[in-house]
Amino acid sequence: MTALAYRSYNFLTKRQSGLLVVIGLLVLLFLFGAFISDRFSSASNLLNVFEQSTGLALVSLGQTMTVLTAGIDLSVGSMISLLSVLLSGTIDGEASRVLPVCLGILVLGAAIGSLNGLTVIWLKVHPLIVTLGMGALLQGVTLLYTLGPAGSVPFEFDFVAYGRVAGLPVGAVFTIVLFILVALFLRYVPFGRFIYAVGDDETGARLMGLPRRRVLVFVYAFSGFCCALTAIYLVGRFGVGNVYTGQNYTLASITPVVVGGTLLTGGRGGVIGTLFGVYLISLLNNLLNFMDISTHYQLIIQGLIIILAVSVYVEKKRAV
Amino acid sequence: MQQAVNADMSTVNEKSRVLKQIGARYGIHLALVALILVSGIVSPAFLSGNNISNMLLQAAPLGIVVIGQAFVILVRGLDLSVASIMATAAVVATAFNGQPGDVVPIILIALAIGLGTGLVNGLLVTKRDVSPFLATLATMIVLQGFRFAYTQGAPSGNVPHFFRIIGAETFYGLPYNVVILAVLAAVFSIVLHKSAFGRQVYITGGNPRVARLVGMNADRVTMICYVISGGLAAIAGLVLSGFVGIVDNWVGRGFELDSIVAAVMGGIALSGGRGSILGGLVGAAILIVVFNAVLLFGMPVQFQIIIKGIVIVIAAAFYVKRGA
């Protein structure tokens with residue numbers, strides 16, 4: 001039992017020295033919240049926060065992978081918007097179309113994402129510019145497809161967002177499982193290790209003969225895939241896809257990655273940190289709501305958290 | 001005989017080399033001229049005095065931001081906070097409800113906000129080693145929070161008439177804001193290309209190690225670049241508030257990315273140390289011309305963003321090839 005605990009502790013902290021900081025902050029925040037308000041620490045409120053963090057968690061999962069390779073994906077917002085309008089527009093209320101369309105959206109997301117990766121490789125342009133351009137292009141296509149909410153989904157589709165099995169929100173549990181699978185993949189599968197290698201020292205990775213191109217295509221395709229999952233969740237939550245559904249996620253998806261201890265310079269960090277980063281931000285916003293602090297100040301606090309987080313982690317890398 | 005052929009070959013090579021150099025150095029300028037000519041031929045309305053005056057009016061605020069962005073990118077940075085500074089300056093412009101006597105305090109407060117934000121950006125980047133993307137992202141969000149808290153989400157009030165004049169009116173077809181842009185561009189071009197500080201900017205961006213080894217205070221140079229960018233963004237915000245006339249919380253939205261795009265298109269390398277202010281302004285002009293042409297050609301407005309997205313990537317690729 002202790003061996004297991006030790007191993008899981010090792011697993012959690014390896015490559016992620018900042019992880020304990022995030023978990024510590026999360027615990028402190030929870031205790032502080034519980035002290036301030038009884039309803040904050042109630043199971044139903046916590047489950048709600050858990051449930052609502054799903055969208056941000058899914059985008060940030062893909063974002064973490066691109067950041068690990070020292071890249072970034074700024075097309076996620078537009079991608080989510082496009083996929084969500086295509087999803088509800090194509091299903092258009094027909095229950096029989098739900099499954100094939102969802103699968104199609106997942107494939108499309110991965111395809112657009114891999115186009116990002118291929119462009120980065122072919123044109124040798126910085127991912128920031130490539131995904132920025134792709135984001136503009138996708139937003140334009142979205143607005144060509146529709147200028148407002150498109151189509152509809154069957155009523156039961158909200159199961160992906162609001163469904164509960166044994167009292168637990170389905171989407172959020174699915175998200176945790178996905179995070180753990182990706183964490184295991186990054187740690188135990190050679191290809192997962194390559195992702196760190198490419199981000200840590202690109203030239204070194206190339207000299208070692210690691211498949212740098214395949215790694216890049218994979219991470220951007222995976223980010224696109226995660227956008228598709230987010231789009232499905234958001235359509236379930238709102239009942240319809242809209243042209244600006246994903247807009248705020250572009251920059252919002254980067255905050256949890258950074259707060260979770262993944263460095264923008266690549267090669268360091270991991271998805272578990274991101275997951276806790278998502279919970280930290282979701283819980284913080286929830287607590288600020290309980291404290292009746294307006295959303296305007298929530299922005300200020302979010303910005304300060306980014307500054308604090310990046311300042312702390314920079315020191316960590318230097319110490320290594 | 002053989003020699004003659006060789007000589008012939010070498011002049012051909014020489015010619016193609018010169019052509020290549022011209023293409024590399026002036027490619028973006030030629031692209032702008034070609035774009036203007038094609039647009040003029042396809043749609044004669046494009047070259048009407050009215051339309052040109054209109055485009056200049058739109059180009060000026062973007063151009064002012066691009067000058068600052070150029071400084072930051074030259075030292076290997078990036079400034080995402082410019083749009084937030086612009087919007088905050090615009091909110092300040094309406095804060096006193098449009099009295100003519102308030103013009104000077106408005107300018108001072110807006111400048112203070114811009115310069116202060118730039119200073120914070122610079123400090124985070126140099127003293128805390130925060131990546132420019134995150135540092136300016138964070139100040140962008142914080143500033144946005146202060147702005148929302150101040151306006152409670154719904155800004156109101158009028159812009160003083162003075163800003164309406166400099167932002168939206170023309171002097172026999174020449175917009176006043178273009179005059180402001182021209183003056184700023186001239187001043188900062190001289191600073192960048194003729195002063196010792198300008199050389200330091202290029203060295204800091206081109207090779208920070210060398211900068212340190214020759215005993216330069218690279219941190220100070222970097223910091224000043226962010227401060228310049230913040231100050232210029234504040235000026236651009238005031239000019240834009242005069243152009244729009246009314247103010248909401250999002251005046252200047254999209255300028256952070258458009259200004260980076262214009263700079264990159266104009267040949268200012270994101271890897272630092274290469275590029276000029278004139279190049280950045282040409283990049284800004286191309287963006288504005290493309291936006292305008294899309295509408296004059298009768299294409300749906302959505303094509304503005306689609307074409308913008310494609311142009312960004314192609315332009316960036318052009319410079320990568322050149323650098324390699």
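Colleague: Is the crossing of α3(B) and α4(B) left-handed or right-handed?

Modeller: In this model, which is predicted, the crossing of α3(B) and α4(B) is right-handed. The two elements are helix α3, residues 82–93 of chain B, and helix α4, residues 103–127 of chain B, and their axes lie 9 Å apart at an angle of about 160 degrees.

Colleague: What makes α3(B) roughly antiparallel to α4(B)?

Modeller: The angle between the two helices is about 160 degrees, and angles over 145 degrees count as roughly antiparallel, so α3(B) is roughly antiparallel to α4(B).

Colleague: Which residues make the contact of α3(B) with α4(B)?

Modeller: From α3(B) the contact takes I85(B), T88(B), A89(B), V92(B) and A93(B), while α4(B) contributes I106(B), I109(B), A110(B), I113(B), G114(B) and T117(B). Sorted by class, the contact of α3(B) with α4(B) has eight nonpolar, three polar and no charged residues, and G114(B), which belongs to this contact, goes with the polar ones because Gly is counted there.

Colleague: How do you know that α4(A) and α12(A) are roughly antiparallel to each other?

Modeller: Helix α4 of chain A, residues 54–68, and helix α12 of chain A, residues 212–238, have axes that come within 8 Å and cross at roughly 175 degrees. Since the cut-off for roughly antiparallel is an angle over 145 degrees, α4(A) and α12(A) are therefore roughly antiparallel to each other. Among the residues in the contact are L58(A), V59(A) and L61(A) on α4(A), and F222(A), F225(A) and L229(A) on α12(A). The residues of the contact of α4(A) with α12(A) comprise 13 nonpolar, seven polar and no charged.

Colleague: Why is chain A called as compact as a globular protein of that length?

Modeller: Chain A contains 16 helices and two strands. The radius of gyration of chain A is 20 Å, and the globule rule gives 20 Å for 320 residues, so chain A is as compact as a globular protein of that length. Taken along the principal axes, the C-alpha atoms of chain A fill a box of roughly 55 × 55 × 40 Å. Of the 320 residues in chain A, 51% are buried, and 80% of the contacts in chain A with a separation of 6 or more are between residues 24 or more positions apart.

Colleague: What makes chain B as compact as a globular protein of its length?

Modeller: For chain B, with 13 helices and two strands, the radius of gyration is 21 Å, which is close to the 20 Å that the globule rule gives for 324 residues, so the chain is as compact as a globular protein of that length. The box filled by the C-alpha atoms of chain B is roughly 85 × 55 × 30 Å along the principal axes. Buried residues account for 48% of the 324 residues in chain B.

Colleague: Why does D92(A) count as exposed?

Modeller: D92(A) has 12 C-beta neighbours inside 10 Å, and a residue is exposed at 12 or fewer, so D92(A) counts as exposed. D92(A) sits in the loop between α5 (76–91) and α6 of chain A, and although it is not a glycine, D92(A) has a positive phi of about 45 degrees. S96(A) is found in the loop between α5 and α6 of chain A, and with 9 C-beta neighbours inside 10 Å, S96(A) counts as exposed.

Colleague: Why is D129(B) called partly exposed?

Modeller: D129(B) has 14 C-beta neighbours inside 10 Å, and since exposed needs 12 or fewer and buried 20 or more, D129(B) counts as partly exposed. The place of D129(B) is in the loop between α4 and α5 (132–151) of chain B, and D129(B), not a glycine, has a positive phi of about 60 degrees.

Colleague: How many residues of chain A are in contact with chain B?

Modeller: Chain A has 34 residues in contact with 34 residues of chain B. The elements giving two or more residues to the side of chain A that touches chain B are α6 (98–123), α7 (127–145) and α16 (295–319) of chain A. By class, that side of chain A has 22 nonpolar, eleven polar and one charged residues.

How values were computed
Residues numbered from 1 in each chain as written. Chains lettered and ligands numbered in written order. Predicted model: local features only at pLDDT ≥ 70, side-chain atom pairs only at ≥ 80, totals over all residues. Contact = placed C-beta atoms within 7 Å. Helix = DSSP H or I, 4+ residues; strand = E, 2+ residues; numbered from the N terminus. Axes fitted to C-alpha atoms, helices over the stretch in contact; angles between N-to-C directions. Parallel < 35°, antiparallel > 145°, perpendicular 65-115°, else oblique. Left-handed = near helix turned anticlockwise from the far one by under 90°. Rg over C-alpha atoms; globule rule 2.2 N^0.38 Å.
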